Amino acid sequence: MNKRVLSFFVIAFLTGCQMRVLNPKSDTADTLTNLIYLSFGIMMLVLIIVFVLFVYFLRKFREKGEAKFNIPPDEKENKWLEITWTIVPVLLLAILAVPTVKATYDLTSKVSGSAGGSKGDAMIVEVVGQQYNWKFTYENGKESYDELVLPVDQEVQFRLTSNDVIHSFWIPNLSGKIDVLPGKVTKLSFKPRVEGAYQGKCAEFCGAEHTLMRFETKVMSQESFENWVQEE
Ligand SMILES: [Cu+2]
């Protein structure tokens, strides 16, 4: 294997590159991961077709003996080729755009559908981001720092704000990022579907100790969650 390729994999392995985004553990994360696979699939399709044609034409029109200076005349126009290479990208973009726009609207309405105040069946967790920690407040007033505890299979709605600068709330296994802004409340919701511990972090450079602004998310059974949230 080429040295550069090898060192890429060694570095990725040594730095603990885990591709959490491709390991979804909530409904919202499932939707986002499917979009990633869809766009990756379309990209690979185009890439493979282009490379196969590239190699094919390289071989077919390679310089051989007498044909050395026999350059074919330029095509003036080719209606069907032009129609084809206009329509194919439009089709590919449509295949990409329709599910993306639909998912965006679904996720947005999930988030802001509760903007009027109604939260449906969702459990509310208030989140305050500040240099350099996260404070979580649950419905019964319990607070925790840098540790987020959630019951499995329960829709949860986060209401996020910041005490100082702009932060970004991100649990790669469970959801996309959401900005955390001073003086404003943003919302995010998802339903975790697998128990476990997931790393959360601030995804917006917010100061010297930004990298320490991490928190652990524990998704546990409804029962364990009840016990946890009741204890002092
Ligand atoms: Cu931050």
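**Aromatic cluster and copper site**

Modeller: Start with the rings: W134, F136, F158, F169, F190 and F215 are linked into a cluster by ring pairs. Rings of Phe, Tyr and Trp (its six-membered ring) pair if their centres lie within 6.5 Å. This is a predicted model, where local features need pLDDT of at least 70, side-chain atom pairs count only at pLDDT 80 or more, and totals for chains, interfaces and linings use all residues. Residues are numbered from 1 along each chain as its sequence is written, and side-chain values use heavy atoms, with hydrogens and water left out.

Colleague: How many aromatic pairs in the whole structure?

Modeller: Twelve aromatic pairs turn up in a search of the whole structure.

Colleague: Switching topic. What coordinates the copper ion?

Modeller: H167 (ND1), C202 (SG), C206 (SG) and M213 (SD) do, at 2.1 to 2.6 Å. Donors are N, O and S atoms within 2.8 Å of the metal (3.2 Å for Na, K and Ca); water is not among the atoms, so sites may look incomplete.

Colleague: And how are the donor residues spaced in sequence?

Modeller: The pattern is H-x34-C-x3-C-x6-M.

Colleague: H167 and M213: buried or exposed?

Modeller: Both are buried, meaning under 20% relative accessible area with a 1.4 Å probe, protein chains only.

Colleague: Now strand β8. Why is it largely enclosed?

Modeller: Five of the five residues of β8 (residues 186–190) are buried, so the rest of the structure largely encloses it. Strands here are DSSP runs (E, at least two residues), numbered from the N terminus.

Colleague: Which residues are on each side?

Modeller: T186, L188 and F190 lie on one side, K187 and S189 on the other.

Key
Buried means under 20% relative accessible area, exposed over 50%, partly exposed in between (1.4 Å probe, protein chains only). Rings of Phe, Tyr and Trp (its six-membered ring) pair if their centres lie within 6.5 Å; planes under 30 degrees apart count as stacked, over 60 as edge-to-face and the rest as tilted. Helices (H or I, at least four residues) and strands (E, at least two) are DSSP runs, numbered from the N terminus.
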